[in-house]
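Here's a quick briefing on a two-chain model. Have a look at the sequence and the fold, then read on.

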Amino acid sequence: MSADAGDGSLLDGIDTSRIALYAVLLAMVAFYLAPLESGLTTAFKTPDGFRATTPFAPPPVGEFTTSAWGTAFERLSAGLLNSALMAVPATVLSALFGSLAAYGLTNLRWRGQIAVLVLFVAGVFIPYQAVLVPLTQFWSFVDLGGRIPLAVVDDYQGLINLSITHVAYGIPICTVLFRSYYATIDDEMLEAARLDGASAATIYRRIILPLSVPIFAVTLIYQFTQIWNDLLFAIVLVSDPSNQVVTVALNQLQGSFVQQFNLQMAGAFVAALPTLVVYVLFGEQFAKGVAGET
Amino acid sequence: MSSRIFAALLRDTDGSPATEGESTASDDPEVRTDGGAVVDGADDPSSSTDTADASVITRLRRSRFLESLPFWGPPGLLVFFFVYGAISWNFLISLTGWEGLGAPDYSSLSTAAYTELLSDASFIAAFRNTIALLVVFTALSLVVGLFLAILVDQQIRFENTFRTIYLLPMSLSFVVTAIFWSWMYNPRIGLINVALRGVGLDALTQAWLSDPRFKLAAIIFALMWQFSGYCMVVYLAGLRAIPHDQYEAARIDGASTVRLYRRVIIPQLRASTMSAAVVLVVFALKAFDFLFVLFGVNPGSSADILSVMMFRVAFDRLQWAYGSAVAMVLFLMALSVIGPYLYLQYRRGEL
């Protein structure tokens, strides 16, 4: 009997510290989800509803509406499409360039490559403000639409400029991500392939690329999120309203419906949806991409 | 013991599998332990084949260079042009005095913009706020991130779910999070003031985003919310790299959990702290989107930071040269952080 009581108190002792741990963990969950939760409930409320109820409470009966979502989607659908047209090619290209550069600067060893590598790595940390004015000068000088007599180029000039810009500024981080992975590839295997007469290109295609699938996943997911979420380059480089990306469109929606919080919140979720879906499906890869920035 | 700690410090901080390239270190030119300050000098003395025929080796190396060029050349060209070319061009523009809708005149250059900066009250305010933002935001995010990492590292259930939730804000655009937080901070019906009133702390309710006393603090708090999950990920990788027997040893010595972390574990996370801090500081320097969505180009002198000022001066007032000068200050600030960091990484063979 006394032994039982002893066991019980011991378990209790373990449990209270574990319970406290989980209580803190859950409190932190509440902290990180509160802005999203209060946004989500607000997005389903009528204006009367969000003025009368607390932000985190679910919409009361009669004050529930999905109309904000409809309006938000209507306002942002063109931006969503433009963002996808711009972000997908930019993501793929910057990852591909990053992979190539990392291979050339990691697995093919030569003197002085560390100096080139430093230039790549430093590019990760550049404040974009330091290139904004030259960028606008450069793209107005290049004037793709004026030089290439194709309707597509003319119609999507802003998006093409933005996409290429994102490719260029995405290369440094992609190179860093690929490099940390390629540094773990067994040198002897590559050396053996070389002795068999395989060229650098063949080794890349036959050995490196097939091994790169996991790091491609990490890089693509990380880069897609970064490019999709960007606002600064988009406001500076895209002037044509028909080429507006979703972050810019959302910022305008927020500015033009000042007191309509349900619409603002619905808009925020609509614009974030692609990255949220990617994050929920590939959270692990995103975390690796984020950690690889260091 | 000290050598073991040193080895732990040398470990990579990211979570990718088998990041320690120690097995290949012998013929790896960049993993030098002699602290070689010369970037491309000094043949590797460890490989005995080098002595056979130096000219063959040179030729081989040259051919390796040529062989590798098609791979890093094109992306390198893009980076060189868009990053380094553009920064040089930006510096040139900052010397021209260029304003308005015309084209810059590169024939007469002067540093007038920079001397003007020193006597510009709005620049000094923005500079001060930038420093305050980067110091407080970085410190706060690191502390919260470390706290989260230690919590998550206690062999908890649903670890993945907790981690995913803490990192979630990092996947959102600043436009999205700024909209969420402007709603959170709404003085009348926002969650923060509603919650304060709910627990009887009416006296603490504030107009968070319009009161000059609280603006910058409110921004820092929201940015901490968004970035602390990132710090958690970095610290968690650092924690997981510490050999398990160190925990055991401390336990056997009878150290309490708090003592274990303070004396044994946290000191070994210096490398994680440093790399996370660099990323946070550099982010704080270029933070723009969040403030722009909340305040437009005029956050007011209590919350103005250099990155917003640069945009306002250049793209709102069309004072291109002056804006470029502000941008150069930002660039130099970033350089003063990343320069030493990259040098240290290089010395440690972690680049």
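Two residues count as in contact when their C-beta atoms, placed from the backbone, lie within 7 Å. On that basis, 89 residues of chain B are in contact with 86 residues of chain A. Bear in mind that this is a predicted model: local features need pLDDT of at least 70, side-chain atom pairs count only at pLDDT 80 or more, and totals for chains, interfaces and linings use all residues. Residues are numbered from 1 along each chain as its sequence is written, while chains are lettered from A and ligands numbered from 1 in the order in which they are written.

**Where chain B touches chain A**
- Helix α2 (residues 54-94) of chain B gives the most to this side of chain B, with 19 residues; helices here are DSSP runs (H or I, at least four residues), strands are E runs of at least two, and both are numbered from the N terminus.
- By class, this side of chain B has 62 nonpolar, 18 polar and 9 charged residues.
- For those classes, Ala, Val, Leu, Ile, Met, Phe, Trp, Tyr, Cys and Pro count as nonpolar, Asp, Glu, Lys and Arg as charged, and the others, Gly among them, as polar.

**Chain B on its own**
- Chain B has 14 helices and 0 strands.
- Take the contacts in chain B with a separation of 6 or more: 66% of them are between residues 24 or more positions apart.
- Helix α9 (residues 244-252) of chain B lies largely in the open, because 0 of its 9 residues are buried.
- Just after α9(B), G254(B) takes a positive phi of about 85°.

**The annotated stretch of chain B**
- An unreviewed UniProt entry annotates residues 127-343 of chain B as "domain: ABC transmembrane type-1"; such annotations may be inferred rather than shown by experiment.
- That stretch, residues 127-343 of chain B, is 72% helix and 0% strand, with its end C-alpha atoms 26 Å apart.

**Two domains in chain A**
- Chain A splits into domain 1 (2-52) and domain 2 (67-291), with bounds from an automatic or database domain assignment.
- Taken over C-alpha atoms, the centres of these two domains of chain A are 37 Å apart.
- Their contact takes 7 residues from domain 1 of chain A and 9 residues from domain 2 of chain A.
- On the domain 1 side, α1(A) supplies the largest share, 4 residues.
- That side of domain 1 of chain A divides into 4 nonpolar, 2 polar and 1 charged.

Terms used. A residue is buried if 20 or more other C-beta atoms lie within 10 Å of its own, exposed if 12 or fewer, and partly exposed in between; C-beta atoms are placed from the backbone.
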